[in-house]
Amino acid sequence: MTRQTTVEATGSRLGTGLGTEIRLEGVTKDYGLAAPAVDDISLTIEPGEFMTLLGPSGSGKTTTLNLIAGFETLTEGTISLDGADVSAVPPHRRNLGMLFQNYALFPHMTVAQNVAYPLRERKVPKPEIARKVAEVLELVQLTGRDDTHPSRLSGGQQQRVALARAIVFEPKALLLDEPLGALDRNLRAALQTEIRRIHREVGSTFVFVTHDQEEAMNLADRIALFNNGRIEQVGTPQQLYAAPETLFTARFLGDSNVFELGAVGTGGTVAWEGESWGVDPETVAAHPGVRAAGAIVVRPEDVEVAGSRDAVPVGANAVRASVRDVEYMGSYRTLLLTVGERGLLGRARVSALRGEYAIGDEVVLWWRPRAQRIVAA
Amino acid sequence: MTSQVKTRRRPVAVDPVPWWLKVFGGLVVAFFILPTLFVIPMSFSSATTFQFPPPGFSWRLYENFFTNPVWLDSLGNSFLVASLTALLATTVGTAAAVALSRLDGKAARFARTVLMVPIVAPSIVVAVAVYISFLGWRLTGTVGGYVLAHTAIAVPYVLVSVTGALGGFDQRLLKASASLGASPLRSFVRVTMPLISRGILTGAIFAFIVSFDEVVIALFLRSPLFQTMPVQMYNSVTVEIDPTISAASSLMVLAVTIIFILPQLLRGRAGRRQERRP
């Protein structure tokens, strides 16, 4: 109870309460290689939003973050903070906090000196520095470690110090460059919770870069999924998972069964290896690529397993498969399946309460047209 | 960082040193320090000529040294020139090292090579070149002339030692510093400089000593009004045979030794203070 009040008080004094809007328009970074590192990206990050830039390595997400921070210069486009164009402003005048994967704490300074650094640069009076440092160290739960040198702290503690240092001067936004990449799994989960909490308390805009889809799903209000220097799709984690626009998005977030189709017409059915499947128009992605080449995506948890076609309800889409392997996951198990004539790898999640399956069993997979998603291949 | 250093210092199992290597090592050490071992006893000699072993003990040569304005002035000049050289060469050399550490490619390698030339060029060549140009610029016999010439030959030493220190410097700290609101200059002063201070200090010491015992260029640049200690020492044996030079030599050895050892002692103490921190 006491904790609650202190935290609220700290939050109201440290945070501005209002985040900053970050707007990227036609942002391009070309190093003169075969393809631009970042290729004509437009994205608006809302004030106070937790935006995650997700993507495989080399997809342009870190370059985009560095462009926002000002460490890279734009080849084309503009970046504005709350409507003010900062494209030509050097990094030290952008007033953005940043967290790095390797912490980047100053080894010759104590914890308190590290945290006071941005305040001293801003010529904040000494008593106020002391007060703010104490407050922010409490916020990251490192009270009493003021005089310790960073090298004496664990990785998780070092990242907390870096976090404290990056938010103590109330930056317009916090940029986080894979900050948990160097930590082990448990610590990472703990710090994810911490970062979420601090985001709520300071109310500032957070831009978080990661290649870990689970981390992105856990943390983000919205995810911008990067691929080959472009943004594949922007949306809430739920939107990206349940309503992917492209095959890349569907495959990057979670497991899926993928049936590649040719051009998708406007008719009520599609054909795949001789099967004829019903289409619910609402599940067809708006992406224009669908017209040229589409793919049906069905999540493993939406697939039902039947013994024969007779057990499949009317109106459901079905396909024959054989069991390749069974993975026991506790409350459920995952069937790895060989699907169709070409032996596609499929996955179905079945409850542990259902009957036993043995390797080699012939089964029929079925799902409602509502549960599938037709995306651009 | 500390832990890394500790791991590196952990004693590794080494093969025992064979006896012949110890003997050889001893001979090399003797070769280097024997001249000094002769000079120091001779500086306390009571003789008026060079004699070894000294016939008796006396402070007379030191008395000569400290009462003769010619010797004292030249010592003061040497300290002045060496201090200014250390200051200028450290500034220029550090700036060059920091700049070159950020550049890559042919131009940077070429610049590095050019800056290293004074270290390999024969000193007489440098001296003649300096003399001819300085005559035209009216810089011979001036403090400025000495400092400029000595800086040229001292910069490579600073460049090497600061480049070494920058090798262990994490450039990403500068990104962090910029994101926290520090301009590039402020970042250099508050982050880079403290972390490469050992390299800078080592470079400054080398620059000081290079200038302090430089004799070839100094011989060309000397004037009746201004000469440095090594030149005065040269005069004292070639022009007038004055045994005071053995006192002067001993003082030079002492000064250089103190300059080399002092930062190590200070660093050792600072290091221990940091270790004791809980």
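Helices are DSSP runs of H or I with at least four residues, strands are runs of E with at least two, and both are numbered from the N terminus. The model is predicted, so local features need pLDDT of at least 70 and side-chain atom pairs count only at pLDDT 80 or more, while totals for chains, interfaces and linings use all residues. Residues are numbered from 1 along each chain as its sequence is written, with chains lettered from A and ligands numbered from 1 in the order in which they are written.

Q: In which element of chain A is Leu240(A) placed?
A: Leu240(A) is in contact with Ile223(A), Leu225(A), Gln233(A), Gly235(A), Thr249(A) and Leu253(A), leaving aside neighbours within four places in sequence; contact puts two C-beta atoms, placed from the backbone, within 7 Å. Gly254(A) lies 14 residues from Leu240(A) in sequence and 10.0 Å away, C-alpha to C-alpha. The element that holds Leu240(A) spans residues 237-242 of chain A and is helix 8.

Q: Is Leu240(A) buried or exposed?
A: A residue is buried if 20 or more other C-beta atoms lie within 10 Å of its own, exposed if 12 or fewer, and partly exposed in between, with C-beta atoms placed from the backbone. Leu240(A) has 27 other C-beta atoms within 10 Å, so it is buried.

Q: How many C-beta neighbours does Ile231(A) have inside 10 Å?
A: Ile231(A) sits in strand 10 of chain A, residues 230-235. Beyond four places in sequence, Ile231(A) is in contact with Ile41(A), Leu43(A), Ala224(A), Leu225(A) and Phe226(A). Ile231(A) counts as buried because its C-beta neighbours inside 10 Å number 22.

Q: What share of the 377 residues of chain A counts as buried?
A: Chain A has ten helices and 20 strands. Its C-alpha atoms fill a box of roughly 80 × 45 × 35 Å along the principal axes. Of the 377 residues of chain A, the buried share is 42%.

Q: How far apart are the end C-alpha atoms of residues 22-253 of chain A?
A: An unreviewed UniProt entry lists these residues of chain A as "domain: ABC transporter"; UniProt positions follow the numbering used here, feature names are shortened, and annotations may be inferred rather than shown by experiment. The span is 36% helix and 24% strand, and its end C-alpha atoms are separated by 25 Å.

Q: How many residues does the largest nonpolar core have?
A: A nonpolar core is a set of buried Ala, Val, Leu, Ile, Met, Phe, Trp, Tyr and Cys residues joined through C-beta atoms within 7 Å. Those with the most contacts inside the largest core are Val115(A), Val136(A), Ala164(A), Leu175(A) and Val207(A). A second, separate core of 36 residues includes Phe134(B), Ile196(B), Phe206(B) and Phe220(B). The number of residues in the largest core is 76.

Q: Which element gives the largest share of the side of chain B that touches chain A?
A: Across the two chains, 17 residues of chain B are in contact with 21 residues of chain A. The elements of chain B that give two or more residues to this side are helix 1 (2-9), helix 8 (172-179) and helix 9 (184-195). The largest share, six residues, comes from chain B's helix 8.

Q: How many helices are in the secondary structure of chain B?
A: The C-alpha trace of chain B spans about 70 × 60 × 35 Å along its principal axes. Of the 278 residues of chain B, 31% count as buried. Chain B has zero strands, and its helices number 13.

Q: At which residue does the kink in helix 7 of chain B lie?
A: Helix 7 of chain B (residues 143-167) has 25 residues and reaches 35 Å from first C-alpha to last, close to the 36 Å expected at 1.5 Å a residue; the expected span is 1.5 Å times one less than the number of residues. Because 18 of the 25 residues are buried, helix 7 of chain B is largely enclosed by the rest of the structure. The bend at a residue is the angle between axes fitted to the seven residues ending there and the seven starting there. The kink is about 40°, lies shortly before the proline Pro156(B), and is at Ile153(B).

Q: How many of the 16 residues of helix 10 of chain B are buried?
A: Helix 10 of chain B covers residues 197-212 and reaches 22 Å from its first C-alpha to its last. Its buried residues include Gly199(B), Phe206(B) and Phe212(B). Helix 10 of chain B is mostly covered, and the number of its residues that are buried is twelve.
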